[in-house]
Protein chains: 2
Amino acid sequence: MPLFHKMISKREFQKLHENIKPHIHRTPVMNSHLLNEIAGTEIFFKCENFQRAGAFKMRGATAAILNLSEEAREKGVVTHSSGNFAQAVSLAAKSLGIPAYIVMPSSAPEVKKAAVQNYGGKITICPPTIKDREEAAEKIVKETGATFLHPSNQLDVIYGQGTAAIELLEEHPDLDVLITPVGGGGLLAGTALAVDYFGKNCKCIGAEPFEVDDAYRSLKSGKIETNETTNTIADGLKTQLGDKNFPLIQKYVSEIIRVEEDEIILAMRLIWERMKIIVEPSSAVAFAAVLREKKKFRGKKTGMIISGGNVDLSNLPF
Amino acid sequence: MPLFHKMISKREFQKLHENIKPHIHRTPVMNSHLLNEIAGTEIFFKCENFQRAGAFKMRGATAAILNLSEEAREKGVVTHSSGNFAQAVSLAAKSLGIPAYIVMPSSAPEVKKAAVQNYGGKITICPPTIKDREEAAEKIVKETGATFLHPSNQLDVIYGQGTAAIELLEEHPDLDVLITPVGGGGLLAGTALAVDYFGKNCKCIGAEPFEVDDAYRSLKSGKIETNETTNTIADGLKTQLGDKNFPLIQKYVSEIIRVEEDEIILAMRLIWERMKIIVEPSSAVAFAAVLREKKKFRGKKTGMIISGGNVDLSNLPF
């Protein structure tokens with residue numbers, strides 16, 4: 001019986017973190033006087049762009065695989081992902097010596113497909129719709145007996161993602177607010193639970209593009225909303241919330257701040273130019289939210305998860 | 001009488017390092033399994049792209065200003081620079097509360113001009129030749145009584161630049177080789193002296209583009225050679241050696257490795273994509289040299305100074 005398919009206690013959360021530690025990097029927390037000045041708040045960037053496979057998703061993928069029985073592990077794991085989770089599952093599976101089957105939409109950036117191949121993931125390309133992705137993954141599950149891992153709507157994955165916030169709060173226990181981007185909801189839900197367990201009067205805020213504001217609308221309406229279009233540069237945030245992460249987000253997230261596309265590009269450029277680190281557009285969404293709602297963060301100690309750094313350098317917005 | 005206008009002892013070098021420490025960042029040393037695999041050697045990147053003002057030049061600028069008398073400091077400092085030294089002098093002067101007059105060639109990237117202004121440097125634009133730069137700087141010296149700081153051919157500046165290598169060798173005392181790019185020669189000369197004083201059987205190697213291989217030719221001929229053209233993407237390496245740094249380079253540098261322009265761009269892209277950090281083309285020259293001469297570095301423990309991260313994002317080679 002897998003351990004973490006139910007609500008996790010604080011102690012279990014710490015145990016899960018200990019279990020994945022040998023397989024992940026402890027990423028640095030960076031800050032920048034210049035960006036603090038521009039934002040009018042002190043920001044602590046948890047740099048998951050320096051995580052193995054270039055994104056926080058390595059945490060959730062590792063947690064989920066470690067949560068499988070020995071027999072299940074041997075048959076391998078399957079996922080569908082537009083990018084970072086695909087790389088993470090491939091690398092985590094490779095590290096743990098099991099096969100990984102990856103369904104990727106034809107629209108995924110070349111650099112992400114190449115990385116998956118590099119990590120030994122077996123790629124199946126499908127049309128770029130959620131339905132096609134799910135069908136292709138189901139087919140592989142039937143054929144191989146491998147276990148399906150969902151990038152964001154599976155509790156062990158969600159808890160794994162939350163471990164970045166645990167580390168950030170270990171180093172900065174007095175954060176007033178912790179902000180992450182929200183796409184499928186896994187990072188935000190895991191972070192929100194970590195903030196509740198390990199923060200001291202710390203609020204958790206989500207950030208998402210206006211163009212895919214399903215999480216914002218879901219919190220307002222009280223049910224999972226969908227996006228009719230996904231016209232955003234933040235390619236990691238096009239997916240929608242799920243029934244496993246939505247309750248955690250409802251319970252533990254204070255609010256979702258929405259940002260415009262040009263604000264995302266400006267925020268990304270500022271981080272690149274001033275901090276000299278490469279972050280994805282999806283990661284810049286959180287910084288854009290702080291810049292947009294400066295008053296909310298003024299005088300606060302703000303934590304921020306830089307979710308990843310996997311960018312197609314041939315296709316930059318500047 | 002300034003302290004460091006003569007050959008420095010090991011103890012004085014350590015003292016100079018202590019003096020500048022409050023004004024500079026201790027930059028992180030990073031490494032990457034992926035890049036180690038590609039290069040076939042273990043590389044320790046000393047990330048001066050995370051230095052204040054985005055480059056190692058902050059070290060030399062600070063060392064030189066601290067080396068001035070009180071009266072001289074009050075009148076301020078002057079320099080001419082295509083970029084990083086201009087920013088460094090502006091910021092160092094601002095931090096120490098003195099004026100900085102900066103002569104910049106009209107060809108300098110906009111992002112670098114903006115940064116100098118940001119740091120409070122007073123800019124004079126001149127035509128993009130060494131002669132024009134020198135004349136404009138001399139004029140300011142006459143008018144203001146400010147002290148001229150040379151970006152690379154002045155001993156206190158050279159020693160300041162060498163402190164990055166001191167820190168790298170403190171953390172990794174068993175490096176077999178330390179490689180830096182060479183342009184004006186300040187970083188390489190300071191690094192070479194630091195390697196001699198603080199390394200154990202460690203060699204110092206320079207790396208430069210074929211397009212501006214004056215340092216390579218100077219070492220061969222035994223006199224300072226010039227470049228007839230400066231057609232390289234490594235905009236920080238267009239200058240030539242000087243009479244202060246050349247003797248140090250002759251004495252302490254084992255060799256200079258030259259690289260092609262496309263090798264520089266590939267090396268830069270690899271660092272950006274795999275390490276998720278922003279490095280200048282000039283910094284990528286050192287990594288390109290390791291990739292070009294893999295045999296020389298195989299099985300070695302290689303240190304590398306990532307000289308800076310000030311890039312014009314509107315004008316990337318990929």
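**Domain and chain contacts in the predicted model**

Between domain 1 of chain A and domain 2 of chain A, eight residue pairs, both members at pLDDT 80 or more, are in polar contact, a term for a pair of N or O atoms within 3.5 Å, where within protein one atom must be able to donate a hydrogen and the other to accept it, and residues adjacent in sequence count only if both atoms are side-chain atoms. The structure is a predicted model, in which local features need pLDDT of at least 70 and side-chain atom pairs count only at pLDDT 80 or more, whereas totals for chains, interfaces and linings use all residues. Residues are numbered from 1 along each chain as its sequence is written, chains are lettered from A in the order in which they are written, and side-chain values use heavy atoms, with hydrogens and water left out.

The domain assignment of chain A, from an automatic or database source, gives domain 1 (10-54 + 154-306) and domain 2 (58-148). In contact (heavy atoms within 4.5 Å) are 24 residues of domain 1 of chain A and 21 residues of domain 2 of chain A. The two domains of chain A bury about 1,600 Å² between them, 54% of it from carbon and sulfur atoms; buried area is the accessible area (1.4 Å probe) that two parts lose on being put together, summed over both. On the side of domain 1 of chain A, the residues that lose the most area to domain 2 of chain A are A:H23, A:R52 and A:A53, together 33% of what that side buries. The count of salt bridges between these domains is three, a salt bridge being a side-chain nitrogen of Lys or Arg within 4 Å of a carboxyl oxygen of Asp or Glu. A salt bridge is also formed by A:R59 with A:E167, whose closest N and O atoms are 3.0 Å apart.

Between the chains, 23 residues of chain B are in contact with 23 residues of chain A. Chain B and chain A bury about 1,800 Å² between them, with 63% on carbon and sulfur atoms, and B:K276, B:I278 and B:L313 supply 36% of the area that chain B buries against chain A, more than any other three residues. Across this interface of chain B and chain A zero salt bridges are found, while eight residue pairs (both at pLDDT 80 or more) are in polar contact between chain B and chain A.
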